[in-house]
Amino acid sequence: MPKKLLLLFAFFLFSGLSFAQTKYLIYFKDKGVKPSLSLSKSSSLFNSAENLLSPRAVERRKKVMGESSYITYEDLPVKDDYIRSLEGLGVKINNVLRWFNAVSAFLTPEELKSVLSLPFVEKLEKVKVLYRPDRNLKPEGPKELGKTGSLMDLDYGNSFRQLNLSDVPQLHQKGITGQGIIIGLLDSGFDWKYHEALYNRTVLAEHDFVFNDDVTANQEQDAPDQDEHGTAVFSIIGGYAPGHLIGAAYGASFILAKTEDVRSETHIEEDNYAAALEWMEGQGVDVTSSSLGYNTFDSPESSYTYADMNGKTAISTLAAEMAFQRGVLTVTAAGNEGNTFWHFITAPADGFYTIAVGAVSQFNVVAGFSSKGPTSDGRIKPDIVAQGSGVYKAVSQTQNYYSYGSGTSFATPIASGCAALVLSAYPYLTNFELRRILQITSDNASSPDSLRGYGLVSALRAIEYPNLENSRSGLVLHKAFLDSDGVKPESVEMFYSFGDSNFTPLPVNHLNQTFYTVKLPSNNTKNLRFYFTYTNSLGNPVRSPLTGNFSLEDSSFTPAGVPESFALSQNYPNPFNTSTRIDFSAYANENAKLVIYDILGQQVMAYDLITKNGKNSVIWNGINQYGSHCSSGIYLYSLKLNGSLYTKKMILLK
């Protein structure tokens with residue numbers, strides 16, 4: 001049979017299958033044990049879940065979840081007996097989603113009735129599919145973006161401007177390229193083994209979740225442009241072809257997941273996305289980057305509404321949040337709906353912690369197509385922006401061709417690359433800390449809004465921003481100086497004060513001409529204020545910050561220029577058994593809302609408050625909004641005040 005006819009036959013065979021069967025998520029009532037079961041490290045259940053993780057994944061989880069609580073009920077395997085019972089009915093399982101205690105499968109109407117009658121099945125949901133409207137977006141702005149400039153050692157070709165807008169080349173010049181970091185990419189496919197910008201990249205693993213094999217480039221049954229989008233994204237973050245294109249974090253290692261099926265030119269299935277995130281998290285990724293979004297769908301599929309963009313409805317959002325809770329920095333495109341009837345961000349960009357990336361032009365002007373915020377529950381989105389208009393990228397199924405494209409899809413790998421560069425320099429940072437640093441060092445941090453969020457991401461400002469390492473010997477402050485005029489290492493000094501006007505110098509250890517550390521005199525950082533001084537190579541004195549001081553509140557720095565309107569404290573005691581106190585401060589009488597969520601993002605309790613000037617407190621006794629006692633586990637509490645949202649986690653132990 002000729003290849004063209006074979007492709008048409010495969011397309012109609014696939015289409016016919018979708019008419020005869022519908023893909024469902026089948027949720028189970030339990031995992032053979034109660035959700036409230038305490039998981040001890042010596043239990044067989046704990047060990048069975050831990051065996052699904054790489055050693056690197058375990059260590060990453062411990063940074064965020066602790067030494068003894070890094071395995072939760074959601075990590076337990078789906079009960080084999082339930083899967084075998086479904087297979088006994090002739091049901092072919094597509095994906096097993098242990099975080100959701102569910103599987104996906106195509107079901108006929110007859111199979112649907114049989115599955116619903118099973119005593120261990122809790123519910124069924126149709127699997128959502130994606131419409132991705134960025135396929136025909138045209139680049140905005142001039143196409144000839146210029147070479148590198150005289151200060152740079154690398155020849156970036158036409159990719160220079162898109163990286164320079166976020167200050168990436170300055171980090172490359174210091175040898176910070178993402179080395180030691182694993183980035184997971186979720187997209188349509190990756191033709192990376194033959195293109196000059198990608199063939200020598202370090203790919204640790206790849207998997208096709210559409211056809212369940214390990215080939216992410218085009219196969220015979222794929223649409224001709226199946227791997228086009230993913231290849232472009234990979235090149236923007238990881239490409240390396242001096243003189244043509246260099247990626248934002250070209251020194252990183254990569255794990256690739258093909259989750260999108262473009263044969264209909266419109267669709268991707270959400271269960272593939274969730275399954276890919278589970279797989280990547282277990283492989284030990286540090287950062288995931290996805291240029292996909294879910295909102296409205298082709299008939300006869302059901303659609304999300306704007307009300308569903310609340311951080312706790314779409315399974316893609318819940319999966320991204322679950323990965324974040326396990327220590328992964330999850331980054332995704334905000335969407336390209338700014339000029340459409342939808343207008344707003346798409347899932348999973350609505351996640352509480354998932355970083356949503358909007359798009360700007362080469363002149364840092366928000367692109368019209370870039371999806372706007374806020375979320376339906378009023379949170380600021382997008383989180384940050386990067387260049388997404390007129391982005392230079394590799395062309396799939398060629399060896400050395402390049403082109404320009406536009407979309408938040410192409411802003412996202414730049415932002416994800418910036419995150420990887422910072423984490424490469426400071427591997428002890430948690431994803432919570434890294435997310436916060438990226439936000440507060442972006443150029444709109446003093447007044448975040450629903451168009452550009454916290455603003456244009458800057459790898460330079462993020463890596464130069466002071467951060468803390470909780471070492472065995474106490475708190476160590478890290479500071480980098482990438483000043484283009486150079487820094488005389490012996491001239492760097494730090495001055496600190498605990499709330500008064502008397503600033504005292506502290507010894508500074510210069511690791512090299514870029515990185516410096518300071519051993520803090522106390523683990524009590526309340527009211528700590530500090531600044532640095534140094535002399536540059538021109539003999540000029542420099543102060544950092546230029547005005548004001550750095551401060552530290554609840555292990556989160558607040559830079560000069562960002563108003564400190566309130567501070568949300570860690571609950572005390574934590575962990576707690578019967579009750580815990582949550583403190584926060586405010587400067588006026590304002591409306592505030594404190595909400596407590598479980599690990600899946602479901603609301604547990606909410607408090608509508610009117611603040612007083614100064615310290616405010618809420619006592620939570622572990623009771624949910626229905627008057628029932630909550631089970632042991634990790635909970636999140638979020639304070640919304642004056643247009644901002646801050647969140648921390650706490651542990652309830654019984």
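Below is a short chat about the fold and packing of this predicted model.

Q: Quick overview first: how many helices and strands are in the protein chain?
A: The protein chain has 13 helices and 32 strands. Keep in mind that this is a predicted model.

Q: And how much of the chain counts as buried?
A: 58% of the 654 residues do. The accessible surface is about 26200 Å², and carbon and sulfur atoms hold 52% of that.

Q: What share of the contacts comes from residues 24 or more positions apart?
A: That share is 70%, counted among contacts with a separation of 6 or more.

Q: OK, sheets. What's the strand order in the open sheet with 7 strands?
A: The order is β6-β9-β5-β10-β11-β12-β13, with parallel pairing.

Q: Which strands are at the edges?
A: β6 (202–208) and β13 (384–387) are the edge strands, and each of them pairs on one side only.

Q: How far are neighbouring strands turned against each other there?
A: On average by 25 degrees, with direction ignored.

Q: Can we zoom in on the pair β5 and β10; how many bridges do they have?
A: Strand β5 (residues 182–187) and strand β10 (residues 287–290) are joined in parallel by 4 bridges.

Q: Switching to β21: is it mostly covered or mostly open?
A: Mostly covered: of the 5 residues in β21 (residues 515–519), 4 are buried.

Q: Which strands does β21 pair with?
A: One is β17 (residues 474–480), which runs antiparallel to β21 over 5 bridges. Another is β20 (residues 509–510), also antiparallel, with 2 bridges. The β20 and β21 pair makes a hairpin, and 4 residues lie between the two strands.

Q: What stands opposite Tyr-516 in all this?
A: Lys-479 stands opposite Tyr-516, and Tyr-516 is also the bridge partner of His-510.

Q: Now helices. How do α8 and α11 cross?
A: The axes of α8 (residues 228–238) and α11 (residues 408–425) come within 8 Å, crossing at roughly 35 degrees. The crossing is right-handed.

Q: Which residues make that contact?
A: From α8 you get His-229, Ala-232, Val-233, Ile-236 and Ile-237. The α11 side brings Ser-409, Phe-410, Pro-413, Ile-414, Ser-416 and Gly-417.

Q: And how does the contact of α8 with α11 split by class?
A: There are 7 nonpolar and 4 polar residues in the contact, and no charged ones.

Key. Residues are numbered from 1 along each chain as its sequence is written. This is a predicted model: local features need pLDDT of at least 70, side-chain atom pairs count only at pLDDT 80 or more; totals for chains, interfaces and linings use all residues. Side-chain values use heavy atoms; hydrogens and water are left out. Axes are lines fitted to C-alpha atoms, for helices over the stretch in contact, and angles run from 0 to 180 degrees between N-to-C directions. A crossing is left-handed if the near helix is turned anticlockwise from the far one by less than a right angle, and right-handed if clockwise. Contact means heavy atoms within 4.5 Å. Ala, Val, Leu, Ile, Met, Phe, Trp, Tyr, Cys and Pro count as nonpolar, Asp, Glu, Lys and Arg as charged, and the others, Gly among them, as polar. Buried means under 20% relative accessible area, exposed over 50%, partly exposed in between (1.4 Å probe, protein chains only). Two strands pair if DSSP finds at least two bridges between them. Accessible areas come from the Shrake-Rupley method with a 1.4 Å probe; for residues, only the protein chains shown count as cover.
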